[in-house]
Amino acid sequence: MDAHAQYERDGFFRIEGFADAETCSSMLDRVVDIARRAAAGEDVRPAFVLPESNLAGRPGNPEDLVSKIFRLHRDPVFETFATDPRVTDVVADVLDAPEVDCFLSQFIFKAPGAWGQPWHQDSYYFPFEPARPVVGIWLAVTEATLDNGCLSVVAGSHTEPIHEHVPDRRPGANYGYVEIVDHDMSAAQPVLMQPGDLLVFDSHLMHRSTDNVSDGIRAAMVYHYAAAGTKDLTLARQRHSINDWMPARRLPA
């Protein structure tokens, strides 16, 4: 089965060895630098650093206490990947749109001891017109294993509407975490990945990650894309947004 057919059936597919080791190490080096400069009080905008609530107060380097860094796709290291034709051709194919925008980016550190993110659908966070299609790409910067909190997915769940999401019920959960509690997840499957592997997934796909019980980080870089011209209604629903719409693929004039 080719990738497009798998995407239509399952809501995701994986491309092994998509990015080289230099790309992964450059991304990791860059976000470590941003985390350390932010901890020192420097202005790192437009990047937005979100701490890991479950690790607050623990000793360690600044990056050891960060959950995610958002709004990275205008930074040269991350923009190069976001607009790479190898990436945008894949995105344009699954979106069935010749011109696409990257509107959200986040680097996920997931240091040892960090909690996973509960079952959710990304489109819960995306009040757009049209609402679909929206696609995410998840680049494994380090290995993703059962011990360090790889993703799990429910194949085929992208065909369902957005389910009710309730706030993450764990005391001290990360800001903005929500969870689906009205769906049978028994058919879930883990997605094990090697550094450089790329997961392409629909924004309605139900997925989660588990806690990192290993001794190392599980780092990943995630971008989200929609067709050019999509209308973002986030600020009509709330006061702030971490979305930043940037052209990623355009046809020649």
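## R132 and its salt bridge

R132 is partly exposed at 33% relative accessibility, where buried means under 20% relative accessible area, exposed over 50% and partly exposed in between (1.4 Å probe, protein chains only). Its side chain meets that of D202 in a salt bridge, 2.8 Å from N to O; such a bridge is a side-chain nitrogen of Lys or Arg within 4 Å of a carboxyl oxygen of Asp or Glu. R132 lies in the loop between strand 5 (128-129) and strand 6 (134-140) and D202 in strand 11 (residues 198-202), so the pair ties together parts that are 70 residues apart in sequence. D202 is buried, with 5% relative accessibility.

## Basis of the model

This is a predicted model, in which local features need pLDDT of at least 70 and side-chain atom pairs count only at pLDDT 80 or more, while totals for chains, interfaces and linings use all residues. Residues are numbered from 1 along each chain as its sequence is written, and side-chain values use heavy atoms, leaving out hydrogens and water.

## Further salt bridges

The count of salt bridges comes to 15. One of them joins R249 and D89 at 3.2 Å, N to O. This pair links distant parts of the chain, with R249 in strand 15 (residues 246-249) and D89 in helix 4, 160 residues apart. Helices (H or I, at least four residues) and strands (E, at least two) are DSSP runs, numbered from the N terminus. R249 is partly exposed at 23%, as is D89 at 40%.

D33 forms a salt bridge with R37, the closest N and O atoms being 3.0 Å apart. Both residues lie in helix 2, four residues apart.
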